Amino acid sequence: MAEARQTVERPLSPHLSIYKPLINMVMSILHRLTGAALYFGTLLLAAWLIATAMGEVPFTYVNALFAHPVGQLVLFGYSWALVHHMLGGIRHLIWDTGRGLQIWQVNALCWLTILCSISLTVALWAVGLALRGQL
Amino acid sequence: MAYRTPLARVRGLGSARAGAEHFWRQRLTAVANIFLASFLIWLVATLAGADYATVKGTLAKPQIAIPLLLLVVSGLVHMRLGMQVIIEDYVHSEGHKIAALMLSSFFTFAVGLVCVFAVLKLSFGA
């Protein structure tokens, strides 16, 4: 790609801040954001696995971090990001086949993504906590 | 199109010389990750709050360790491709872009090696 060397301050065309947020635009941004969050969140998985491999003391330490309210919040956010990115990915796979690209279908799929990601994540945590008698 | 040689058309790699490889790998790993990430959610949910011996014993089982290793490989390939797109979209200076892409690769390989090493150690080691 050619390097654009700006020598004169030229006016820019209207960008993000001027547009009314639309559901497909918000879902597109969220898909990228959750993807980036999952990227760095792999450190959580790596920490859990390596601590378990290292022995009981590191394991107990990492487990305590995850069990702390802040840790639980991070894990909740991570699980939502994972579910949301997965559902968004399925939406993109549907679009890849050329289906669901009418405007009303696009909007419906986008609303479905956010509604399902939130309810599915809450349901997963509710079931998980209920099974261990913490709810 | 008239200027392209028949050989270039057959190879189908386009001007970026990588063809649809990036796109296709992203989709391939995406489909795999639907199953593998669901497995991870189930695994973490069932192991939450479990004691050390249980977690260690579970992660050492082949039927757990193998999908876990598949997830690490498929997930990291997917996320490295994704981060590459983000970097290429937002980092415009050529030097910074190459540095960021290198860092992203280093991060991916480091995380991957730690995860794979840990799972294999649990499976084969003490």
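In the predicted model, 26 residues of chain A are in contact with 24 residues of chain B. The most is given by helix 1 of chain A, which provides 13 residues to the side of chain A that touches chain B. By class, the residues on that side of chain A comprise 15 nonpolar, six polar and five charged. As for confidence, the model has an ipTM of 0.88 and a pTM of 0.88, while chain B has a mean pLDDT of 92, with 97% of its residues at 70 or more.

Between the two chains, one helix pair can be described in detail. The axes of helix 1 of chain A and helix 5 of chain B come within 8 Å and cross at roughly 30°; because angles under 35 degrees count as roughly parallel, these two helices, helix 1 of chain A and helix 5 of chain B, are roughly parallel to each other. The crossing of helix 1 of chain A and helix 5 of chain B is left-handed. From helix 1 of chain A, the residues A:Thr42, A:Leu43, A:Leu45, A:Ala46, A:Leu49, A:Ile50, A:Thr52 and A:Ala53 take part, and they meet B:Val111, B:Val114, B:Cys115, B:Ala118, B:Val119, B:Lys121 and B:Leu122 of helix 5 of chain B. The residues of this contact of helix 1 of chain A with helix 5 of chain B divide into 12 nonpolar, two polar and one charged.

Helix 1 of chain A also packs within its own chain. Its axis and that of helix 4 of chain A come within 9 Å and cross at roughly 45°, an angle that makes helix 1 of chain A oblique to helix 4 of chain A. The crossing of helix 1 and helix 4 of chain A is left-handed. The contact involves A:Ile23, A:Asn24 and A:Met27 of helix 1 of chain A, together with A:Val106, A:Asn107, A:Cys110, A:Trp111, A:Thr113 and A:Ile114 of helix 4 of chain A. Six nonpolar and three polar residues, with no charged residue, make up the contact of helix 1 with helix 4 of chain A.

Within chain B, helix 3 (residues 52-60) and helix 5 (residues 94-124) pack at an angle of about 95°, with their axes 8 Å apart. Because angles of 65 to 115 degrees count as roughly perpendicular, helix 3 of chain B is roughly perpendicular to helix 5 of chain B. The residues in contact are B:Lys56, B:Leu59 and B:Ala60 of helix 3 of chain B and B:Val119, B:Leu122 and B:Ser123 of helix 5 of chain B; by class, this contact of helix 3 with helix 5 of chain B has four nonpolar, one polar and one charged residues. B:Val119 and B:Leu122 of helix 5 of chain B are also among the residues that meet helix 1 of chain A.

B:Val77 is found in helix 4 (residues 62-90) of chain B, and it counts as partly exposed because it has 18 C-beta neighbours inside 10 Å, whereas a buried residue would have 20 or more. When residues up to four places away in sequence are not counted, B:Val77 touches B:Arg25 and B:Thr29. The C-alpha atoms of B:Val77 and B:Gly112, which lie 35 residues apart along the chain, are separated by 9.6 Å.

Methods:
Residues are numbered from 1 along each chain as its sequence is written. Chains are lettered from A and ligands numbered from 1 in the order in which they are written. This is a predicted model: local features need pLDDT of at least 70, side-chain atom pairs count only at pLDDT 80 or more; totals for chains, interfaces and linings use all residues. Two residues are in contact if their C-beta atoms, placed from the backbone, lie within 7 Å. Helices (H or I, at least four residues) and strands (E, at least two) are DSSP runs, numbered from the N terminus. Ala, Val, Leu, Ile, Met, Phe, Trp, Tyr, Cys and Pro count as nonpolar, Asp, Glu, Lys and Arg as charged, and the others, Gly among them, as polar. pLDDT is the predictor's confidence in each residue, from 0 to 100. Axes are lines fitted to C-alpha atoms, for helices over the stretch in contact, and angles run from 0 to 180 degrees between N-to-C directions. Angles under 35 degrees count as roughly parallel, over 145 as roughly antiparallel, 65 to 115 as roughly perpendicular and the rest as oblique. A crossing is left-handed if the near helix is turned anticlockwise from the far one by less than a right angle, and right-handed if clockwise. A residue is buried if 20 or more other C-beta atoms lie within 10 Å of its own, exposed if 12 or fewer, and partly exposed in between; C-beta atoms are placed from the backbone.
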